[in-house]
Amino acid sequence: MPKARRNERQRVSQAKAAPSQETLWMIAVRDHRDKAAFASLFDHFAPRLKGFVMRNGTSAAQAEEIVQDVMLTLWRKAHMFDPHRAQVSAWVYQIVRNRQIDVARKENRPMPEALKEEPEAEPDATQIVAIEQETGQLRAALAKLRPEQREVIEKAYLGELTHQEISNQTGLPLGTIKSRIRLGLQRLRHELKDLSE
């Protein structure tokens with residue numbers, strides 16, 4: 001077996017052996033009804049889920065409702081979580097997808113294209129590992145930014161705020177916001193160049 005392929009298999013098996021922080025929080029919720037772990041899950045997933053739902057054409061207010069409902073489902077159905085079948089991120093995104101389909105059907109709205117595609121019954125473990133590794137690299141790269149750059153990039157891309165909304169929220173001039181985002185993105189591209197190669 002070629003050395004590169006053997007190294008890749010070792011990385012995948014090591015990643016399988018070490019569950020993500022999110023999975024550990026979910027296990028704490030499942031096994032101990034740990035409210036602090038649930039708060040961490042909520043803080044981690046809520047903004048990401050809201051952005052995901054809004055990208056499929058849902059209004060911000062309705063996206064907020066769907067996310068609240070999904071997180072409540074996560075709490076209520078925690079006993080069903082099995083870390084051997086999927087990482088918590090795959091499980092959560094399947095719940096939000098199902099909830100979006102229910103809402104679209106209930107309101108007789110056309111189904112967004114992204115929701116029409118049937119997901120694979122079992123998520124591909126190598127894809128999940130790769131996504132989680134990339135997420136970890138992005139988190140590390142964000143941590144290297146200056147705090148003022150990181151703040152505006154997180155507001156723009158995770159909070160999905162416009163430059164004007166960030167300016168209104170922070171009181172900073174629009175030009176400063178744009179400059180910080182541009183410089184921060186340049187630094188991120190430099191830090192993450194290995195991902196695109």
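Helix axes are lines fitted to C-alpha atoms over the stretch in contact, and the angles between them run from 0 to 180 degrees between N-to-C directions. The model is a predicted one, in which local features need pLDDT of at least 70 and side-chain atom pairs count only at pLDDT 80 or more, whereas totals for chains, interfaces and linings use all residues. Residues are numbered from 1 along each chain as its sequence is written, and side-chain values use heavy atoms, with hydrogens and water left out.

View 1. Helices (H or I, at least four residues) and strands (E, at least two) are DSSP runs, numbered from the N terminus. Of the 197 residues of the protein chain, 30% count as buried, where buried means under 20% relative accessible area, exposed means over 50%, and partly exposed lies in between (1.4 Å probe, protein chains only). Among contacts with a separation of 6 or more, 60% come from residues 24 or more positions apart, a contact being heavy atoms within 4.5 Å.

**View 2. The crossing of helix 3 and helix 5.** The axes of these two helices come within 11 Å and cross at roughly 40°, which makes helix 3 oblique to helix 5; angles under 35 degrees count as roughly parallel, over 145 as roughly antiparallel, 65 to 115 as roughly perpendicular and the rest as oblique. The crossing is right-handed, a term used if the near helix is turned clockwise from the far one by less than a right angle, with left-handed used if it is turned anticlockwise. On the helix 3 side, Phe 45, Arg 48, Leu 49, Phe 52 and Val 53 meet Val 88, Ser 89, Val 92, Tyr 93, Val 96 and Gln 100 of helix 5. By class, this contact holds eight nonpolar, two polar and one charged residue, where Ala, Val, Leu, Ile, Met, Phe, Trp, Tyr, Cys and Pro count as nonpolar, Asp, Glu, Lys and Arg as charged, and the others, Gly among them, as polar.

**View 3. The crossing of helix 4 (residues 60-76) and helix 5 (residues 88-106).** Here the axes come within 10 Å and cross at roughly 130°, so that helix 4 is oblique to helix 5. This crossing is right-handed. Helix 4 contributes Gln 62, Ile 66, Asp 69, Val 70, Thr 73 and Leu 74, which meet Trp 91, Val 92, Ile 95, Val 96, Arg 99, Gln 100 and Val 103 in helix 5. The residues of the contact comprise eight nonpolar, three polar and two charged.

**View 4. Aromatic pairs, of which a search of the whole structure finds four.** The ring centres of Phe 38 and Phe 42 lie 6.5 Å apart with their planes at 55°, so this pair is tilted; rings of Phe, Tyr and Trp (its six-membered ring) pair if their centres lie within 6.5 Å, and planes under 30 degrees apart count as stacked, over 60 as edge-to-face and the rest as tilted. Phe 38 and Phe 42 are four residues apart in helix 3 (residues 35-55), and therefore separated by about one helical turn. Phe 38 is buried at 17% relative accessibility, whereas Phe 42 is partly exposed at 25%. Phe 81 and Trp 91 form a tilted pair, with 5.4 Å from centre to centre and 45° between the planes. Phe 81, in the loop between helix 4 and helix 5, is 10 residues from Trp 91 in helix 5, and Phe 81 is buried, with a relative accessible area of 3%.
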